[in-house]
Amino acid sequence: NEYKSYLSMAFFEHYRNIYNINILGFGFMLVFSAFITASTMEATVFKDLNKHGITTKTGFYSLGIIYAFLGFANFLSPSVVNLLGTRFSLFLSALPYTGFIFCMYEPYVASVFTLSALLGISGAVIWTANGEVIARNSPGDTKAKHTGLFWAWFNASMLLGNIFLFFYLGDSDTISAHKRHVIYLVLGGLCTCGTISFLLLSDSGGDVEEAKEPVLKPLKDAIRFSRSWQLRYLYLPIIFTGVSLNFWSSVFVTCIGSIFSKRSYLALGGMFTGIGEILAGIIWGRLTGHIGRQGVVLCCSVINSLVYYLVFLSFPFDAATADKAEDNPIISSNIYLTLGIAVLLGLGDGGFNISIYSALTTIFEAKPAPVFAIFKLVQSLVGAAAFLYCGHLALQYQLLILAVTCLVGALSFIRLEQRPSDDLLNVEVIINVNAE
């Protein structure tokens with residue numbers, strides 16, 4: 001009877017974990033279908049709007065504000081998650097995403113920048129809670145598989161919003177006021193549904209246990225964990241993900257808008273990048289068990305290098321900074337090559353992120369929330385800095401920054417993975433000893 005009871009409990013916990021990962025992924029898919037679609041086309045929408053003092057660079061500055069506030073808010077986000085629990089942290093932190101999207105119905109500089117700041121603060125909480133849910137529902141050797149499952153759900157968001165955008169915009173060469181109104185009402189509705197879905201998450205023992213801790217303990221843990229040698233190896237790959245985030249979420253689509261006149265191509269670029277990210281969740285999640293995280297990062301480094309070389313050859317150097325590109329590329333630009341680059345871009349970026357997620361949930365299994373806060377802190381501050389320069393720096397120099405940070409980040413990650421496994425799993429002991 002005890003054995004049957006144990007099997008029943010294990011069976012229940014297994015399917016509860018799968019349920020929570022899928023609900024988490026579904027909610028993120030809806031919320032970020034709206035947000036990613038809105039943010040990737042923000043600079044182009046503002047270029048076509050051209051009133052209320054809003055310009056193309058307003059879009060870049062808005063995204064910079066989001067990631068700057070997101071970065072600094074990570075100092076407090078573990079305490080918020082600890083106080084509210086993961087379910088209500090996810091629900092409440094998704095509300096500013098909805099407000100930001102609806103403000104694009106008729107944007108003004110003040111409302112865009114204010115809601116960008118609020119979204120950045122809530123973004124720190126939503127990603128810290130996300131890391132907590134994945135870690136608490138991924139026991140033993142399920143971390144890579146569950147991380148890949150979430151990543152596939154999450155990056156389906158790049159398809160859902162962009163499919164709607166592609167068919168709605170059609171052959172339009174500008175985004176009119178009416179089209180903008182319809183787009184952001186639909187995206188706002190998607191975001192609202194995703195926000196509500198977080199309330200369907202099932203309780204887990206992790207939430208109850210964390211609620212018993214002092215409110216500021218996660219912040220103290222984050223400060224201690226930030227000094228661990230394991231994280232020091234991860235800082236460089238995390239920095240690369242921040243630069244890469246800036247490139248695929250804004251610069252790449254903005255370049256497409258500068259090269260091609262059809263606004264539906266913006267949606268195609270985001271859609272095919274999303275396909276690459278989804279493939280990353282499927283392919284790298286499965287291959288990790290065979291070639292290890294360091295093998296995945298090595299493969300993604302090769303893919304990323306190929307992407308940057310193809311962009312260097314086929315995109316005009318002023319594509320990221322001019323409303324209409326005037327420089328001649330080394331080889332002729334065409335939409336088919338661009339979409340192929342988009343798939344590879346998503347595949348390489350996704351592999352890096354999946355490997356970092358898997359490493360963090362494995363090494364810091366006992367205390368995931370503070371570590372994911374550090375991850376988003378570094379990534380967001382780097383992304384914010386990149387959004388500030390991307391509207392001014394020529395494309396070839398942005399590609400150089402991407403290539404260098406990718407190479408250095410990969411070497412640092414591989415060095416971490418080559419350490420003995422016992423060294424990677426004693427973080428909690430080290431932290432407790434240092435605390436005493």
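**Chatting through a predicted model**

Modeller: Let's start in helix 6: Glu 132 and Arg 136 are four residues apart there, so about one helical turn separates them. Keep in mind that this is a predicted model.

Colleague: Thanks! What does Glu 132 form with Arg 136?

Modeller: The two form a salt bridge, and their closest N and O atoms are 3.1 Å apart.

Colleague: Is Glu 132 buried or exposed?

Modeller: Glu 132 counts as buried, because its relative accessibility is 3%. Arg 136, at 22%, counts as partly exposed.

Colleague: How many salt bridges does the count come to?

Modeller: The count comes to four salt bridges. One of them joins Lys 262 and Asp 171, with 3.5 Å between the closest N and O atoms. Lys 262 sits in the loop between helix 12 (229-259) and helix 13, while Asp 171 is in the loop between helix 8 (157-169) and helix 9 (177-197), so this pair ties together parts that are 91 residues apart in sequence.

Colleague: And is Asp 171 buried or exposed?

Modeller: Asp 171 is exposed, with a relative accessible area of 62%.

Colleague: Which residue does Glu 417 pair with in a salt bridge?

Modeller: Glu 417 pairs with Arg 293, and the closest N and O atoms are 3.1 Å apart. Glu 417 belongs to helix 16 (residues 395-417) and Arg 293 to helix 13, so the bridge ties together parts that are 124 residues apart in sequence. Glu 417 counts as buried at 16% relative accessibility, and Arg 293 is buried too, at 13%.

Colleague: Back to helix 6 for a moment. Where is Val 133 placed, by residue numbers?

Modeller: Val 133 is in helix 6, which covers residues 109-136. With 4% relative accessibility, Val 133 counts as buried.

Colleague: What is Val 133 in contact with, leaving aside its neighbours within four places in sequence?

Modeller: Val 133 is then in contact with Ile 21, Leu 24, Thr 86 and Leu 90. Asn 17 is 116 residues away from Val 133 along the chain, yet their C-alpha atoms are separated by 9.1 Å.

Colleague: New topic: how many disulfides are there in the count?

Modeller: The count comes to zero disulfides.

Colleague: Which helix gives the most to its lining?

Modeller: Helix 7 does, with five residues. Helix 7 (143-155) and helix 13 (264-314) each supply at least two residues of that lining. Among the lining residues are Ala 144, Lys 145, Leu 149, Ile 282 and Arg 286.

Colleague: How do the lining residues divide into nonpolar, polar and charged?

Modeller: There are four nonpolar, three polar and two charged residues in the lining of the second largest pocket.

Terms used. Residues are numbered from 1 along each chain as its sequence is written. This is a predicted model: local features need pLDDT of at least 70, side-chain atom pairs count only at pLDDT 80 or more; totals for chains, interfaces and linings use all residues. Side-chain values use heavy atoms; hydrogens and water are left out. On a 1 Å grid over the protein atoms alone, a cavity is a set of points where a 1.4 Å probe fits but cannot get out, and a pocket is an open set with protein on both sides within 12 Å along at least five of seven lines; lining residues have an atom within 4 Å of a point. Ala, Val, Leu, Ile, Met, Phe, Trp, Tyr, Cys and Pro count as nonpolar, Asp, Glu, Lys and Arg as charged, and the others, Gly among them, as polar. Buried means under 20% relative accessible area, exposed over 50%, partly exposed in between (1.4 Å probe, protein chains only). Contact means heavy atoms within 4.5 Å. A salt bridge is a side-chain nitrogen of Lys or Arg within 4 Å of a carboxyl oxygen of Asp or Glu. A disulfide is a pair of cysteine sulfur atoms within 2.5 Å.
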